[in-house]
Amino acid sequence: MRIGLIAALRRSEEGSLRAALPLAGRSVLAWQVALLQSLGAERVLCLVDAPGSEVIAVQHALEGRGVQFHALKGFAALPALVRAEDDLIVLADGLVPAPAVVQAVFGGEGALNRGVASLPADHPLAAAHPDDFERIDAARHWAGVLAMRGAPVQQLADFPADADAIALLLRLALQAGTPPHDLAARELVPEHWLLATSAEAAAQHERALIAGAAPPADPRAPGKALAAATARALVPRWLGEGARVAGGLALAGLLAGLLASALDLAAAGLLLTALGAFGAEVARAFARIAAHLRREDAEPRAAAMLGAAVDVIAGIALWLAVAPPPVWQPLAMLGPVVVGLARLLSRSGETALAAAAGDRAALLMLLALAAMLGLLPEMLACLALGLVAALLLRRAQD
């Protein structure tokens with residue numbers, strides 16, 4: 001069995017538990033547990049003074065996914081929970097290393113490379129936090145992560161109960177011949193190797209994480225750029241629920257826009273539909289950021305389906321805005337046609353026209369303005385002609 005060992009014992013500079021500090025929508029402890037899961041841990045052990053709310057929340061989340069979790073007051077139970085044939089992965093209290101770096105050194109869910117991650121003795125982390133990154137020989141300090149055989153854990157029974165279990169395991173691993181793995185300087189930069197010693201350190205790392213995960217702002221698509229900026233600003237507090245809340249508000253705006261358009265309130269209907277489309281972009285930006293932070297490559301299916309729903313509802317809203325029931329006008333078909341052509345063009349490449357065509361909120365805002373001026377059918381006709389020309393030009397270039 002592969003077992004992970006973490007601790008929620010040490011305090012930040014402000015006096016709170018390091019493990020409980022918030023970081024991009026979840027606690028430091030939750031980030032550590034996610035890393036252990038990515039390394040294939042089937043059981044997680046956490047050393048605590050008392051199981052607080054963060055520890056209990058992580059326990060419930062893990063057990064819901066079928067992973068065993070034990071909160072231990074002291075290390076007396078460790079020899080009984082870790083067998084000699086087990087692999088043990090240990091993280092320093094409050095350390096959040098980049099999963100890509102750790103997986104490159106120790107491997108992922110496949111074969112585990114046992115070793116002690118190390119950093120040079122003159123590295124700033126070693127100089128600033130000698131109690132966390134202990135010296136392991138004349139030239140190196142521990143980098144806060146190790147993977148070892150379970151057999152040396154049995155020796156913990158020989159030590160006093162008030163000893164530092166993680167420091168002891170580090171020494172026992174080295175004595176058992178676990179080899180050091182020297183980390184390169186580029187792997188130990190602040191955005192890859194966080195020791196959450198304070199709320200400010202966690203906040204700085206959070207900003208770097210979000211900046212790296214957020215979709216880039218594209219000035220050619222102002223609606224999407226504003227949605228990405230909105231999601232980026234709200235992620236620290238709303239990462240877990242942001243996509244769901246924004247998606248719900250988006251659907252409410254889209255349905256309200258449909259209703260207003262059907263009641264012959266074309267400008268108000270298209271404005272509400274535009275706000276719904278903007279909410280959908282915020283929800284998709286939340287989903288992309290969350291997927292990137294969790295190291296998931298694909299956009300969540302629900303977010304992709306929401307984008308398709310926006311186009312369907314936008315097409316119907318435009319139809320109703322031109323010809324509310326029971327009126328019938330052939331020109332009303334231009335609404336769905338324009339949305340369909342814009343969708344096709346947005347998938348045609350990375351050009352400025354494709355980026356602009358994919359910005360549904362900006363398109364609907366433009367059409368809402370045209371409806372206010374009484375020029376909606378004419379604007380739809382011009383847009384349809386322009387989109388067809390752009391698609392034909394693109395095909396000719398290919």
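**A first look at the chain and two of its residues**

Author: Happy to! Keep in mind that this is a predicted model.

Reader: How many helices and strands are there in the protein chain?

Author: Let us start with the elements you can pick out in the picture. The protein chain has 15 helices, along with 11 strands.

Reader: What radius of gyration does the protein chain have, beside that of a compact globule of 398 residues?

Author: The C-alpha atoms fill a box of roughly 85 × 45 × 35 Å along the principal axes. For a compact globule of 398 residues, the radius of gyration would be near 21 Å, but the protein chain has 27 Å.

Reader: Is Val 153 buried or exposed?

Author: Look in the loop between strand S9 (140-149) and helix H6 (165-175), where Val 153 has its place. Val 153 touches Leu 78, Pro 79, Val 82, Leu 88 and Leu 169, leaving aside residues up to four places away in sequence. Buried means under 20% relative accessible area. Because its relative accessibility is 1%, Val 153 counts as buried.

Reader: How many Å apart in space are Val 153 and Val 82?

Author: In sequence, 71 residues separate Val 153 and Val 82. In space, C-alpha to C-alpha, the two are apart by 7.0 Å.

Reader: Which residues does Thr 197 touch, not counting those up to four places away in sequence?

Author: Thr 197 sits in the loop between strand S11 (193-195) and helix H7 (199-213). With a relative accessible area of 11%, Thr 197 is buried. Beyond its sequence neighbours up to four places away, Thr 197 touches Ser 12, Glu 13, Arg 18 and His 129.

How values were computed
Residues are numbered from 1 along each chain as its sequence is written. This is a predicted model: local features need pLDDT of at least 70, side-chain atom pairs count only at pLDDT 80 or more; totals for chains, interfaces and linings use all residues. Side-chain values use heavy atoms; hydrogens and water are left out. Helices (H or I, at least four residues) and strands (E, at least two) are DSSP runs, numbered from the N terminus. Buried means under 20% relative accessible area, exposed over 50%, partly exposed in between (1.4 Å probe, protein chains only). Contact means heavy atoms within 4.5 Å. The radius of gyration is taken over C-alpha atoms; the globule rule is 2.2 Å times the number of residues to the power 0.38.
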